Amino acid sequence: MFTDTATSTAGTVLENFIVRDEDLPEFKDLEFEDINQLHLDHPGANDTEYRTRRDYIASLAKRFRETGEITDVDYTDEEQGIWRHVAGRLEELHEQHASPFYLQAKRDLGITTERIPQLTEMNRRLKELTGFRLAPIEGLVETRGFLSLLSYRTMLSTQYIRHHSRPDYTPEPDIVHEAIGHIPMFTNPSFADYSQFVGLGAKIATDEQLEELGRLYWFTVEFGLVEHEGDVKAYGAGLLSSYGELEHAFSDEVDRRPFNLEEVINHDYTYSDMQPVLYVIPSYAELKEVTKRYIESFQK
Ligand SMILES: [Fe+2]
């Protein structure tokens, strides 16, 4: 069971975006119902050396919850090589399809194709820009646990990297998905506030509302598209961290619809398939406003 003893309701906190250090939960008190281990269908499942390395990096995240201190990972040459390969290939597609905000954000955070960025260095910049934070985690956790942390303007982030045999693919989040997909968008004030609203919602949502929030998160944070000067661009992490998904998103096979909150929260999706329908938001500010009204309705 995910436990978080802080008491707050959406109505009283929705206007308050700043989370001071002293307002943060004690990470050592957070207990997750489920933290994903490496599954048998993972490309590295039969590679003992890979498993040992992944377990070691995961142990640094566990240590963070005991000490509150993030340990930088001393990435190996092979790990840096995987990053250079994937980040380099994605860079070309980003120039074509990524939202201009995202492209600038990557530069602002110092995320390059050359080396794997550390959570600590990205945290320093995020703090200055939007007060967002990254906290290491050793694997995927349950929806309520993960989303609730966003209410503290905090995203749980893995630090290990995918297996070298499939640089184009990972069945679980890894540092490529986090740092290339998710983290740059937290430098956008509206997107950061939006994420916090989703987190506040997750803390008070019924199980049914939590499922709705999960779908909203999926079609925005993971697979979102945004209008830009009459064009459509990508800002979702699942798109920006996968060349297959990104190319597919702009192909004729995808129905790119205007964002409609009611439709999105009721739209079932299949996790493992390429997405046949994606939603285009008019702006991050608009996404924030609609979501704010939606979360406020949880209390009524
Ligand atoms: Fe993700």
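Two strands pair if DSSP finds at least two bridges between them. Helices (H or I, at least four residues) and strands (E, at least two) are DSSP runs, numbered from the N terminus. The views below show a predicted model, in which local features need pLDDT of at least 70 and side-chain atom pairs count only at pLDDT 80 or more, while totals for chains, interfaces and linings use all residues. Residues are numbered from 1 along each chain as its sequence is written, and side-chain values use heavy atoms, with hydrogens and water left out.

**View A. Strand S3 meets strand S4 in a hairpin.** Strands S3 (residues 225-228) and S4 (residues 231-234) run antiparallel and are joined by four bridges.

**View B. Strands S1 and S2 lie in parallel.** Four bridges pair these two strands. Proline 136, for example, is bridged to serine 157 in S2. Both faces of S2 (residues 154-157) are covered, with Thr154 and Leu156 on one side, Met155 and Ser157 on the other, and all of them buried. Buried means under 20% relative accessible area, exposed over 50%, and partly exposed in between (1.4 Å probe, protein chains only).

**View C. An iron ion is held by two histidines and a glutamate.** His177 (NE2), His182 (NE2) and Glu222 (OE) coordinate the iron ion at 2.0 to 2.1 Å. Along the chain, these donor residues follow the spacing H-x4-H-x39-E. Histidine 177 comes from helix H7 and glutamate 222 from helix H9, 45 residues apart, and the pair links distant parts of the chain. Both histidine 177 and glutamate 222 are buried. Donors are N, O and S atoms within 2.8 Å of the metal (3.2 Å for Na, K and Ca); water is not among the atoms, so sites may look incomplete.

**View D. Aromatic rings come together in pairs.** There are 13 aromatic pairs in the structure. Phenylalanine 132 and phenylalanine 186 are stacked, 4.1 Å centre to centre with 10° between the planes. They sit 54 residues apart, in the loop between H5 and S1 and the loop between H7 and H8. Rings of Phe, Tyr and Trp (its six-membered ring) pair if their centres lie within 6.5 Å; planes under 30 degrees apart count as stacked, over 60 as edge-to-face and the rest as tilted.

**View E. Helix H8 is largely enclosed by the rest of the structure.** Of its 16 residues, 13 are buried. From first C-alpha to last, H8 reaches 23 Å, close to the 22 Å expected at 1.5 Å a residue, where the expected span is 1.5 Å times one less than the number of residues. Asparagine 188 caps the N-terminal end of H8, with a side-chain oxygen 2.9 Å from the backbone nitrogen of serine 190.

Conventions. A polar contact is a pair of N or O atoms within 3.5 Å; within protein, one must be able to donate a hydrogen and the other to accept it, and residues adjacent in sequence count only if both atoms are side-chain atoms.
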